[in-house]
Amino acid sequence: MSSQSEIVLTKVPVPLVAGFQWSVGELMEKFIKALADRKIWGVKCPECGYVYVPPRWRCGKCYAKLGEENLTELSGKGILLSYATAYVELDGAGSFKDLSEPKPIGAIKLEGADSTLFMPLGEVKPEELKEGMKVEVVWREEPKGELADIKYFKPAKR
Amino acid sequence: MRNVAIIGCGQTKHSARRRDVNLAEMVGDAVWNALEDAQVTPQEVDAFTVGNMQGFGGVAQPEQWLGDWIGAAGKPVLRVATGGSTGGCVAQAAFYAVASGLYDIAVATAWEKHSDSKEPGATTGLSHVALGNTINMINCGLSFKHLLSMTLVGAAAGVACYQAMYYMYRSGSRVEHLDMVAAKDRRNAAKNKYAHLQWPGCTPEDIAKTEWVAYPFRYGHICPASDGASAMVLACEDIARKRCKKPVWIKGLAAYSDEENQIMSEGAGGIGILDASQQIGATMSAIKAYRMAGIRDPQKEIDVAEIYQPFPNQELIFAERLGLFDEGTAWRALEKGETDINGRMPCDPSGGVNATNAIGSSALQRILECALQIMGKAEEHQVPKEVHNAVATGWGGATNYIAVTVLGDSPY
Amino acid sequence: MPYIKEERKETISVEGDWDIGGSTTWKDSTLLQGYAQGLKEKRIIGSLCPGCGKVIVPPRNICGRCHRKMDEKVVVSDIGTVTCFVISAPFAKGKMQVLGMDPVETGLVGEGERVISVYVKLDGADSNIDTELIGAKPEEVYVGMRVKAVWAKERQGKLSDLEAVEPLRD
């Protein structure tokens, strides 16, 4: 019997994975399905004019009710507001591992939108990134109507 | 301390699968229904209290997603999570916010979206409650067979099984009485348009035909896992009297933990000295809440009760703990129809948790349903008598935590 | 179906996993380890509260009632009384999984078997332990039934040393 003052720390593998399936709601479903046609839907508040992407049915600024009639198509072009670059990722065992290539992630404001999208950035070196630079969407070769249809954003051609 | 009243109530339809909406939309629906009911604009609300069962639904910090969906952008938001009693504590937190004088109008909202979890057992949520103890026992060489016998039905149902057996043994009631409670609750739910398991004309015989889960429980006895949300608007006395024709006053409240009956308490220790049906936390909460509310004889002064009863034995146990019936006699009152919607002491006219269990929301719904009964707005499931005082419970934590709220048509 | 059913639109789902496994570090309980060690010698250890005199099995270090430290350990009997019982529905292959295992497939329970789970107050203890009742049919179990511990043949100082309880026959 071990003494009371001694604290034994034991590592136990726990075979627990909780799986989830978050339903997206009707406007978000429209947004995701439209990606198959390389279209990006936003929604414009009829009261305060704020444009959200992805779309939602309640304005978070003035709380007006929004609906399908307020949907508005946005171009795949925008401005990089801010960015971060990842050099490591979680290894799934409580630690980090180095990435083979750095992964930049950008906060992007699409043309005509007021809200911000967070998306991976590609075809660009981390040191070339600059706040305010123009970026554009790069689609997956055969978009299927899934969130992964947007591969990443890259610096826009002049 | 200031007087606090409920001036508006809102719910969503509850069902097994609310896949038409996402979490934020669902909770938003309940809050907007409550704001409309109270005739209050989101700009007028000073603070929000929110909550669901921790970990369920796979959203770690739901209040951060919900903020600007429920009108809380730029306002104080307090999240409360106490397991099954969450909704009761969310409402009590909103009471404190207003009673203290910090805020004049507060919104309390609680929810659960079970269908967002792939496993029926909501693995992550239950891990919060029992994983540490179980791992501790596995470390000390727990056998799989023992684990199996411990988890015959799993989670709260497992605890409630023992609770039901203890109660039946002590009171002399039988499984038939569980059938009667469940049938009554499903019939009541059929009159409540927001409820989940609605079975018009359900009889105890219908329930007795369902399969066993683990003796003494059949499938027909056990609550469903629901998706849904509920919300209430609370206000201080000045505003409540100006804005609402019939404000419902929160007259007394308390939430006690009954540490002694926890299963697998510290060090995976015993089941405790008290048996699972004693629920001293409920007795202590009721005494405190009644004293605060000035209620001396609950059997005479309480007109309707909304009891947190995912398992039918709990309606009987908690009704006794709340002093609505003498010790060990709730089942006799049930036999006489006293707990029916048109009975002397209606219990869960809404169908209760037995018919609708969106866990985080369930205890808030009990308070909300009491408020509807006092306002006279319960529509088809309105009890056919004058309601002056009502009592609501929540049961949660690690099955040991009870929140009791007493409501009335006057603050005194 | 007697239940009122309602059709509702189903929107698409985004899926994700929470891996709460991997390796997790838990503070080990010396109390429970001590209890398990006692089982090796067929000793069931509880702790005695100096305040209220209650004996809690398995031991704990602070009394939940009077909040006194429960340093004194006592040995209780391996004979006790059933205070509560629950009977499982008949087990069937593919019906349920515990920790990712099918109890019937692994041979732990037979097809159609009903497991009896009992709370037992051992003589000399004030709290209950939960365990399985073997050697009795579901219809034979009752509150107040006298039972005794069934010990593993080769005991290793693990919780599994106390396999179950069985009816006490004289």
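Mentor: Let us begin with strand S2 of chain B, residues 47–51, which pairs with S3(B) in the parallel sense over three bridges. Strands (DSSP runs of E, at least two residues) and helices (H or I, at least four) are numbered from the N terminus, and two strands pair if DSSP finds at least two bridges between them. Within this pair, Val50(B) faces Arg79(B) of S3(B). The model is a predicted one, in which local features need pLDDT of at least 70 and side-chain atom pairs count only at pLDDT 80 or more, whereas totals for chains, interfaces and linings use all residues; side-chain values use heavy atoms, without hydrogens and water. Residues are numbered from 1 along each chain as its sequence is written, with chains lettered from A and ligands numbered from 1 in the order of writing.

The pair belongs to an open sheet of nine strands in chain B, ordered S3-S2-S4-S7-S1-S8-S11-S10-S9, and the pairing is mixed. Its edges are formed by strand S3 (77–79) and strand S9 (304–306) of chain B, each of which pairs on one side only. On average, neighbouring strands of this sheet are turned by 25° against each other, direction ignored. Helix H10 of chain B, residues 280–293, packs on the sheet, where it touches strand S8 (248–257), strand S10 (389–396) and strand S11 (401–408). The direction of H10(B) makes about 150° with that of S8(B). Contact means heavy atoms within 4.5 Å; axes are lines fitted to C-alpha atoms, for helices over the stretch in contact, and angles run from 0 to 180 degrees between N-to-C directions.

Chain B also contains a cis peptide bond, from Tyr215(B) to Pro216(B), with omega near 15°. Pro216(B) is placed in the loop between strand S5 (212–215) and strand S6 (217–218) of chain B.

The loop between S4 and S5 of chain A holds Tyr63(A). This residue is not a glycine, yet its phi is positive, at about 65°. Tyr63(A) counts as buried because its relative accessibility is 10%; buried means under 20% relative accessible area, exposed over 50%, and partly exposed in between (1.4 Å probe, protein chains only).

As a whole, chain A has one helix and ten strands, running β-β-α-β-β-β-β-β-β-β-β from the N terminus. Of its 158 residues, 44% count as buried. Among the contacts of chain A with a separation of 6 or more, 52% join residues 24 or more positions apart. The accessible surface of chain A (Shrake-Rupley method, 1.4 Å probe; for residues, only the protein chains shown count as cover) comes to about 9,200 Å², and carbon and sulfur atoms hold 52% of that.

On chain A, Tyr87(A), Val88(A), Leu90(A) and Phe96(A) make a nonpolar surface patch of about 460 Å². Strand S6 of chain A, residues 77–90, gives the most to this patch, with three residues. Leu90(A) lies in S6(A) and counts as exposed because its relative accessibility is 62%. Patch residues have over 30% relative accessible area and no salt bridge; like charges are joined within 9 Å and nonpolar side chains (Val, Leu, Ile, Met, Phe, Trp, Tyr) within 5 Å. A salt bridge is a side-chain nitrogen of Lys or Arg within 4 Å of a carboxyl oxygen of Asp or Glu.

Strand S7 of chain C, residues 116–122, runs antiparallel to S8(C), joined to it by five bridges, and Val118(C) has Thr131(C) as its bridge partner in S8(C). Six residues lie between the strands of this hairpin, where Gly124(C) takes a positive phi near 100°. Strand S8(C), residues 129–133, is mostly covered, with five of its five residues buried. Elsewhere in chain C, a cis peptide bond with omega of about -10° joins Val57(C) and Pro58(C), the latter found in the loop between strand S4 (55–56) and strand S5 (72–76).
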